[in-house]
Amino acid sequence: MADQTHQSPRVPIGLEILSLNDSDSEILYAISTRTGFNFCVQQISKAHFSTLTDVPLGDSGVNSLRHDLVNISDSEIAPYFYGGISSWLELAGTDNDSVEVVRQRSELQFRHEVNWASHIGLSGVVFPFPESTRSNRTETLSVANYARWIGWAVQALTHAQPVVRVPLSASSWSTWNAIRCLCEHNSKLGIALELSAEHSIGLDAEAVLPWIAEPLRVVILSTNLFLTNQKGFPVLSKLHQSIVRKLLRLHVKFVISSASAEGTHPQGGLSAYMEYVQHLHRTQPPLDDADRFASGYQDYLQAPLQPLMDNLESATYEVFEQDPIKYQQYEKAVYAALMDRGDPVRPTVIMVVGAGRGPLVDRSLKAAAQANKPVRLYAVEKNPNAIITLKLRKERIWGDSVTVVHSDMRYWSAPEKADILVSELLGSFGDNELSPECLDGAMKFLKETGISIPSSYTSYVAPLASQKLYNEVTSQRDPTHVETPYVVKFQSVEELAPPAAVWTFRHPGSNEQAPPGTVQFNIHNTRYGAAKFTISHDTVMHGIAGYFEAVLYKDVMLSIHPATHSPGMFSWFPLFFPLKVPMFLSKGSNIDLHFWRCSDSRKVWYEWCAVPSGAGCGASSGLHNINGRSYWVGL
């Protein structure tokens with residue numbers, strides 16, 4: 001079959017048949033395995049409220065599930081199942097005695113079903129969505145009490161994956177958020193997002209974006225969501241195709257939920273829905289070079305480099321050198337600079353500072369050949385191991401056209417001044433790998449009319465929602481981690497507003513700086529910036545995204561800003577600045593992000609905070625990383 005030969009693995013897809021919720025699990029298991037599904041979803045118990053009221057609360061019969069009402073009882077097939085908690089349970093409580101009885105019975109049943117799920121070894125437990133008006137017994141269901149019991153269940157379930165079944169609708173996020181917050185953002189609790197025809201009215205393709213930032217574990221597709229094609233087989237509308245394709249990128253499990261064992265469409269049976277989802281997976285647009293490179297790094301926290309304190313290993317250089325786009329842009333910039341300033345007879349002096357293993361040397365020589373301009377090139381590098389590679393390349397390839405210099409660029413006494421200064425010192429936030437400080441020292445050997453490549457770089461920030469990243473940071477249980485920026489390839493995130501600039505560095509820059517060695521020698525490289533953002537929908541902000549744009553020379557750019565990202569470039573992932581406490585932001589409210597770039601005689605660090613304004617918003621975030629107490633970059 002085509003699926004078996006395709007490079008992409010098949011999506012794990014489960015089956016739920018609602019009409020079998022009162023049947024033994026063996027029936028659903030047989031149908032599921034026969035039709036090629038990977039797992040099943042079924043109610044744990046076939047009990048209803050009326051079956052519980054027949055037994056007095058003091059009777060021993062309420063101490064566990066009734067054996068004749070258990071659906072999933074075979075421990076051998078139990079790992080194949082996600083068990084559903086009974087949807088009729090009502091956990092609201094008031095001072096009305098009759099309602100209290102309902103709540104008490106419901107709590108007992110909830111506890112028994114969770115305990116049985118843990119005992120029998122189910123793979124997951126699906127909690128029903130707490131509808132606000134489910135019956136005439138009570139007008140509202142207490143989300144607080146419901147969340148309390150989910151919190152208990154998450155602790156009780158040692159192996160089964162707990163998920164809340166949440167419809168993809170305009171109003172469901174606020175209920176989920178209340179549950180998530182009351183459960184203290186527990187990283188074990190996930191979402192089973194349900195797409196159905198009844199909840200799709202008025203939705204557009206953007207409706208799924210807030211959910212991508214949530215802890216999605218399962219996506220449930222109701223068969224009534226599917227249309228019928230000319231041959232009678234189920235297909236999705238273009239809108240729902242777009243939504244499902246976005247969700248497929250998150251590598252979650254899918255479930256086909258059918259009212260009956262026959263499905264809803266005349267042709268194909270239940271397996272037709274599964275094969276259609278696999279078809280959407282197989283026909284996803286191919287990954288570009290950047291996405292292929294990032295595979296496996298999505299939402300993975302990486303500590304930023306310490307370029308002056310640490311010497312990079314050869315493997316790190318090799319990873320960066322695989323990026324063709326970055327070096328193409330550098331070559332274009334050097335070529336353009338040579339065409340503007342290069343002399344056809346007198347050699348143009350090019351100094352590559354922070355030369356690494358020499359890729360910028362190669363590109364500068366190539367640009368010179370293309371421009372037909374003679375050059376005299378210096379490769380300056382402080383890493384004693386990289387110097388060996390540079391000297392070998394000089395011997396074998398470059399010859400006398402390149403002079404290799406083993407020195408920290410800040411302290412090198414150059415024999416002559418440069419016409420063009422080329423550096424590759426940018427970090428994910430532009431200046432976070434100390435490009436300003438390094439180039440301060442290098443500017444002394446650039447001619448007054450000389451060109452720096454890059455000539456400027458700007459740092460951008462944007463408010464970000466991502467419970468996954470927040471959970472990753474807080475799982476360390478160390479306060480320093482929530483005050484440390486991380487390099488992250490974003491996936492399970494929602495950018496809550498377009499990025500805004502906070503500051504820019506230019507080279508050559510101002511000559512006004514204190515003498516080296518004094519306490520305030522680096523004060524000219526400190527910065528303060530703030531940006532205001534308007535929030536388009538109710539959300540929770542977990543952190544701040546950091547990006548950069550760099551002007552290499554004139555119109556030659558490098559960027560990881562989402563709107564201007566250099567196509568195919570993968571040398572830099574964005575920065576994630578966490579918030580210690582997630583912040584609720586209401587639709588139409590504003591959030592001001594404040595950033596500081598600070599320095600003393602030994603280190604550089606960032607401080608940040610978020611200040612909300614508008615109806616329904618809470619307090620400010622508090623300052624993060626005061627005085628560089630948790631994170632800094634050594635000079």
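## Basis of the model

Helices (H or I, at least four residues) and strands (E, at least two) are DSSP runs, numbered from the N terminus.

This is a predicted model, in which local features need pLDDT of at least 70 and side-chain atom pairs count only at pLDDT 80 or more, while totals for chains, interfaces and linings use all residues. Residues are numbered from 1 along each chain as its sequence is written, and side-chain values use heavy atoms, with hydrogens and water left out.

Two strands count as paired if DSSP finds at least two bridges between them. Strands of a sheet pair through backbone hydrogen bonds, either parallel or antiparallel.

Strand 4 (residues 124-127) runs parallel to strand 5 and is joined to it by four bridges. G124 has Q161 of strand 5 as its bridge partner. Five bridges pair strand 6 with strand 7 in the parallel sense. There, A192 stands opposite V218 of strand 7. Strand 7 also pairs with strand 10 (residues 253-258), again parallel and over five bridges. I220 faces V255 of strand 10 across that pairing.

## Burial and packing

Strand 7 (residues 216-222) has six of its seven residues buried, so it is largely enclosed by the rest of the structure. Helix 15 (residues 435-442) is mostly covered, with seven of its eight residues buried. Those buried residues are S435, P436, E437, C438, L439, G441 and A442.

## Salt bridges

The whole structure holds 23 salt bridges (a side-chain nitrogen of Lys or Arg within 4 Å of a carboxyl oxygen of Asp or Glu). One of them joins E16 and R165, at 2.8 Å from N to O. E16 lies in strand 1 (residues 13-17) and R165 in strand 5 (residues 161-167), so this pair ties together parts that are 149 residues apart in sequence. Both E16 and R165 are buried. A network of salt bridges links E16, R165 and E194.

R357 forms a salt bridge with E321, and their closest N and O atoms are 2.8 Å apart. This pair links distant parts of the chain, 36 residues apart. R357 sits in the loop between strand 11 (348-353) and helix 13 (359-371), and E321 in helix 11 (residues 314-321). R357 is buried, with a relative accessible area of 17%. E321 is partly exposed, at 26%. D600 and K603 also meet in a salt bridge, at 2.8 Å from N to O. K603 is buried, at 9% relative accessibility.

## Aromatic contacts

A search of the whole structure finds 29 aromatic pairs. Rings of Phe, Tyr and Trp (its six-membered ring) pair if their centres lie within 6.5 Å; planes under 30 degrees apart count as stacked, over 60 as edge-to-face and the rest as tilted. W173 and F584 form a stacked pair, 6.4 Å centre to centre with 20 degrees between the planes. W173 is in helix 6 and F584 in strand 23 (residues 575-585), 411 residues apart, and the pair links distant parts of the chain. W173 is buried, with a relative accessible area of 8%. F584 is partly exposed, at 33%.

F293 and Y297 are also stacked, at 6.5 Å centre to centre and 15 degrees between the planes. F293 is partly exposed at 22%, and Y297 is partly exposed at 35%. Elsewhere, ring pairs link F429, W503, F577, F595, Y606 and W608 into a cluster.

## Charges over rings

A charge sits over a ring if NZ of Lys or CZ of Arg is within 6 Å of the ring centre and within 35 degrees of the ring normal. The charged end of K253 is placed this way over F39, 5.5 Å from the ring centre. R527 lies over the face of F505, 3.9 Å from the ring centre.

How values were computed
Buried means under 20% relative accessible area, exposed over 50%, partly exposed in between (1.4 Å probe, protein chains only).
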